[in-house]
Amino acid sequence: MTKTKGALIGCGFFAVNQMHGWQDLDDVEIVAICDRDPGRLRIVGDQFGVERRYQSADEMFADGGFDFVDIATTVGSHRALVELAASHKVPAICQKPFAPTLADAKAMVAAADAAGIPLMIHENFRWQTPILSVKAVLDSGAIGEPFWGRVSFRSGFDVFSGQPYLAKGKRFIIEDLGIHSLDIARFLFGDASRMTARTRRVNPDIAGEDVATMLLDHDNGITSIVDVSYATKLPEEPFPETFVEIDGTRGTLRLGKDYKLTVHGPDGTVQSVVAPNLLPWASRPWHNIQESVALIQKHWAERLAEGREPDTSGRDNLKTFALVEAAYLSAESGETVVIADLL
Ligand code: NAD
Ligand code: 89V
């Protein structure tokens with residue numbers, strides 16, 4: 001079998017999951033890795049047996065020999081690295097958040113289009129098994145037409161020990177975590193036209209907001225609430241579970257703690273557990289996110305082979321990123337923001 005060859009840039013905290021995900025795919029091989037930090041390059045190169053190692057992305061692209069690049073660096077380098085991939089006409093995956101600004105994100109989509117390469121944003125939360133299960137119930141019509149929804153992520157988990165940069169940015173929870181929740185809202189309820197948001201910083205030791213409440217008007221008439229918090233101290237810590245509530249014309253759906261799904265319709269109530277699989281390399285409580293990494297990467301490999309745009313393409317993700325921008329604008333001004341004005 002001829003394997004699709006990939007290269008990965010950024011060998012940090014999260015990239016290890018991505019390397020495992022690639023290793024699980026029989027038809028993909030990561031042939032080169034890059035990180036500015038020689039320590040991280042050595043750790044990841046040794047763990048996954050990758051011989052070609054670079055401290056400079058320019059040098060890695062100049063040597064070439066790969067069919068796509070997986071960019072797993074933090075947001076500040078995303079635009080330059082996607083543009084570098086485009087200049088070499090190499091298909092690219094870029095981690096969320098897409099870019100520091102919507103203008104950068106638009107420029108990245110334009111660069112990929114001009115080069116004729118696919119660009120996918122690694123927006124993996126919609127690929128979580130519980131979220132896919134919720135979508136399947138909606139699509140089955142079991143609760144009728146949804147008219148109201150809530151996507152909720154409330155936690156007191158210490159994310160700063162693994163990802164210290166999260167404590168330093170002026171923007172925190174909407175940009176880092178709410179971006180996933182907003183994408184789930186789009187995935188379940190369709191595109192949104194208006195956003196109203198309120199934010200707070202509760203933790204005095206971080207720079208950005210750690211609580212946000214967002215109200216979305218969706219194009220199809222659904223109203224949804226997306227609420228996120230890292231300042232919520234619960235008796236049982238739910239990290240990193242997303243809870244979902246949906247009211248429809250024929251019934252209701254609730255996805256709650258420990259992946260319990262309750263679907264109530266005209267014929268009665270069905271309860272099930274839609275827990276993620278614990279992959280051999282995964283560890284609790286991250287296994288939900290880790291499985292979604294494997295699934296989105298499989299999706300990329302399939303779409304690349306078929307020559308079809310991935311579901312969370314750069315073009316698609318501009319609409320999720322616009323919701324992020326809109327939430328910050330709304331929280332700052334106190335006004336409702338019209339999404340079309342940003343896109
Ligand atoms: P990290 O800081 O641990 O790792 C980033 C690595 O990139 C570092 O080792 C750094 O040296 C390297 N790097 C940065 N710029 C570079 C450049 N220009 N060339 C080469 N190497 C460079 O960060 P992380 O926690 O692994 O996060 C990386 C990205 O993944 C972020 O955008 C974050 O938001 C995202 N993330 C996504 C998920 C998810 O579920 N999708 C979860 C966690 C983190
Ligand atoms: O998924 C993420 O983007 C992570 C975390 C779950 C910690 O917020 O940064």
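From which domains does the shell around ligand 1 draw at least three residues each? Domain 1 (4-117) and domain 2 (126-294 + 320-341) each supply at least three. Domain bounds come from an automatic or database domain assignment.

This is a predicted model: local features need pLDDT of at least 70, side-chain atom pairs count only at pLDDT 80 or more, and totals for chains, interfaces and linings use all residues. Residues are numbered from 1 along each chain as its sequence is written, while chains are lettered from A and ligands numbered from 1 in the order in which they are written.

**Ligand shells**

A residue is near a ligand if its C-beta atom, placed from the backbone, lies within 6 Å of it. Around ligand 1 there are 26 residues, of which G10, G12, F13, F14 and T73 come nearest. The residues around ligand 2 are V159, Q163, D176, L177, H180, P240 and I289. Helix α7 (residues 173-189) gives the largest share of that shell, three residues. Helices (H or I, at least four residues) and strands (E, at least two) are DSSP runs, numbered from the N terminus.

The table sorts residues by class. Ala, Val, Leu, Ile, Met, Phe, Trp, Tyr, Cys and Pro count as nonpolar, Asp, Glu, Lys and Arg as charged, and the others, Gly among them, as polar.

| Residue set | Nonpolar | Polar | Charged |
|---|---|---|---|
| Shell around ligand 2 | four residues | two residues | one residue |
| Side of domain 1 that touches domain 2 | five residues | five residues | two residues |

**Domain contact**

The centres of domain 1 and domain 2, taken over C-alpha atoms, are 27 Å apart. Twelve residues of domain 1 are in contact with 13 residues of domain 2. Contact requires C-beta atoms, placed from the backbone, within 7 Å. On the domain 1 side, α1 (15-23) and α5 (102-115) give two or more residues. α1 gives the most, with four.

**The sheet**

Nine strands form an open sheet with mixed pairing, in the order β14-β13-β12-β11-β7-β10-β9-β8-β15. Two strands pair if DSSP finds at least two bridges between them. Four bridges join β11 (residues 243-248) to β12 (residues 252-256), and the two run antiparallel. D247 stands opposite T252 in β12.

Helix α6 (residues 129-140) packs on the sheet, touching β7 (146-154), β11, β12 and β13 (260-265). Its direction makes about 175° with that of β12. Helix α9 (residues 314-333) also packs on the sheet, touching β8 (192-200), β9 (211-218) and β15. The angle between the directions of α9 and β8 is about 55°. Axes are lines fitted to C-alpha atoms, for helices over the stretch in contact, and angles run from 0 to 180 degrees between N-to-C directions.

Key
Contact = placed C-beta atoms within 7 Å.
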